[in-house]
Amino acid sequence: MSADNEITPQSQDFSAWYNDVVQHAELADHSPVRGCMVIRPYAYRIWELMRDALDEQFKHTGHENAYFPLFMPQESLDREAEHVEGFSPETAMVTEAGGSELEEPLAVRPTSEAVIWPIVADWIQSYRDLPVKLNQWANVVRWEMRTRPFLRTTEFLWQEGHTAHATAEEAEEEARTMLGVYRDFMEDWMAMPVVTGLKTDAERFAGAERTYACEAMMKDDKALQAGTSHFLGQNFAKAFDVRFQSEEGEHEYVHNTSWGVSTRLIGGLIMSHGDDQGLVLPPKLAPHQVVIVPIWSDAEEKDLVMTVAQRVNRVLSRSVRVHVDDREHVSPGAKFYEWERKGVPLRIEVGPKEVSSQELVTVRRYAPEGRERKRTYGEGKAIAMVPQVLEEIQDDLLQAAEERREERSVRGMEDYDEFRQHIGEKRGFVYSGWCGDGECEEKAREESKGTIRVIPDPEFRSEDAPSTCLVCGDEATEEVLWAQAY
RNA sequence: CGGGGCGUAGCGCAGUCAGGUAGCGCACCAGCUUUGGGAGCUGGGGGUCCCCGGUUCAAAUCCGGGCGCCCCGACCA
């Protein structure tokens, strides 16, 4: 009676598990072009929910959406020295179009600083035109060596915020604010706790003064960089001549920021909560928050059961996203497995038994120890409780992820050899001191599997500040977070 | 780009060593019986066997060349 579980267990091969979930939860499909991916409707709906939530926050913090072109002259990309050095190896170029070779090659945006600022420069004359706070929802292309669905694809969807300010302080505040927006979204909507902080020079965005990031721990104890926010200083303003006349009449360069999150977040969602049965979705981002599975054995039963199912559906639809799975020739058991594989947070079963007892069976996709997964309530109570149950599931997921992360974090590590072994075998997060020297960072990168993910923000730092550098043993100037990275 | 593996139905594979009608499981379609944790039976549809060339009466199979994909590494906001 039982079909083989087509999903590889996480403990056996996490990477195979991930690919199986992507495939069997119908999230993505392959493309004939290497590294490109089809986002299937179920995953696209998750992306829409993410997009809507983020977009509202962007507007709330004073940003306007716009859309800039996919192509730019190659020359634009070349203008900021560090930017071009960082991005040109992975930039796709169009050299031929319309049946003939182009006089100047066109670059397909890997990010849009070099598309936006040459144009927006002309929108800014005076300090009164500032700040400019733009966002765009777009696709970008980066020719990566090695790709994985959602986590790193040749083309991906994202949002990129681009702002210009009169002062460095204001731009810095903007970069920090948006990092906070990301963090709140990841915790409140994705139930994915993150450590925020500053990137080291080695990991900084090409062309930025400072890069801030959100780092999340996946279920295989590796770190995923889930979002970044950059204080760009005046590097791009100088490269693209973005100036304004100040109140004092001086011509000054603006101070910029940029910040982005991508469809990589869907990968983060999968690896934060998924289990051997498949995807587990936090209710706030679930395309179907509740699925109703009617159970019948003949036409008469079907009528009775469907009457109740539709009634429950009508009432619930007012407050939650609910789906009635009334497919004829799929057995209830098969439906249960399918919706579990797809991560639907709550299932309601209605069969002849429930019809006669005026009850409903509710089953949670995720329930921590000590909480019942399956419960039967009177119809009215079951319906009334749904919003609360969904909130509980949302909270349970965040709490479980937080607990996992803390269990898998080690603070105050001082022995370099212990570190190398720990980060290679046990993975997880390791907090240590660092002297601030890029050579120590590079040495550890070469000799261990770990890299510095961030210099954590104050609230994530250890109570006792580490005093020595993990690598060289000299005096520490910073506390840093190490992990194996995706 | 280095090391390894693989290209046969939508998916997973056998067949290749030893040339001779294109197969299996799942999925799909039809009908009947089913439906409380992945239904059963019967019937059916679906193929440039990655591509090009060669050998041969005959090539998925042998030979030569090419292309693509996957894994490990290098690379990577």
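Which strands does helix 5 lie across, and at about what angle does it run to strand 8?

Modeller: Happy to, and keep in mind that this is a predicted model. Helix 5, residues 113-120, lies across strands 7, 8, 11 and 14, and it runs at about 35° to strand 8.

Those strands belong to an open sheet of 11 strands with mixed pairing, and if you walk across it the order is 3-7-8-14-11-10-9-22-23-21-20. At the edges you find strand 3 (64-65) and strand 20 (409-413); each has a single partner strand, so one side of each has no neighbour in the sheet. For strand 20, look at strand 21 (residues 429-434): the two pair in the parallel sense over 3 bridges. Val410 sits opposite Val430 of strand 21. Helix 2 (residues 41-60) packs on the sheet too, touching strand 3, strand 7, strand 8 and strand 14, and its direction makes about 160° with that of strand 7.

Now for the largest pocket, which has a volume of about 1,400 Å³. It is lined by 45 residues, and the closest to its centre are Arg142, Glu144, Arg152, Gln225 and Arg264. Among the elements that give two or more residues to this lining are strand 8 (155-165), strand 11 (223-233), strand 14 (255-262) and strand 22 (451-456), along with helix 4 (81-87). The lining residues divide into 16 charged, 15 polar and 14 nonpolar. Domain 1 (14-273) and domain 3 (410-483) each supply at least three residues to the lining.

Definitions and conventions:
Residues are numbered from 1 along each chain as its sequence is written. Chains are lettered from A and ligands numbered from 1 in the order in which they are written. This is a predicted model: local features need pLDDT of at least 70, side-chain atom pairs count only at pLDDT 80 or more; totals for chains, interfaces and linings use all residues. Side-chain values use heavy atoms; hydrogens and water are left out. On a 1 Å grid over the protein atoms alone, a cavity is a set of points where a 1.4 Å probe fits but cannot get out, and a pocket is an open set with protein on both sides within 12 Å along at least five of seven lines; lining residues have an atom within 4 Å of a point. Grid points are joined across faces, edges and corners, and a volume is the space filled by probe spheres set on the points. Helices (H or I, at least four residues) and strands (E, at least two) are DSSP runs, numbered from the N terminus. Ala, Val, Leu, Ile, Met, Phe, Trp, Tyr, Cys and Pro count as nonpolar, Asp, Glu, Lys and Arg as charged, and the others, Gly among them, as polar. Domain bounds come from an automatic or database domain assignment. Two strands pair if DSSP finds at least two bridges between them. Contact means heavy atoms within 4.5 Å. Axes are lines fitted to C-alpha atoms, for helices over the stretch in contact, and angles run from 0 to 180 degrees between N-to-C directions.
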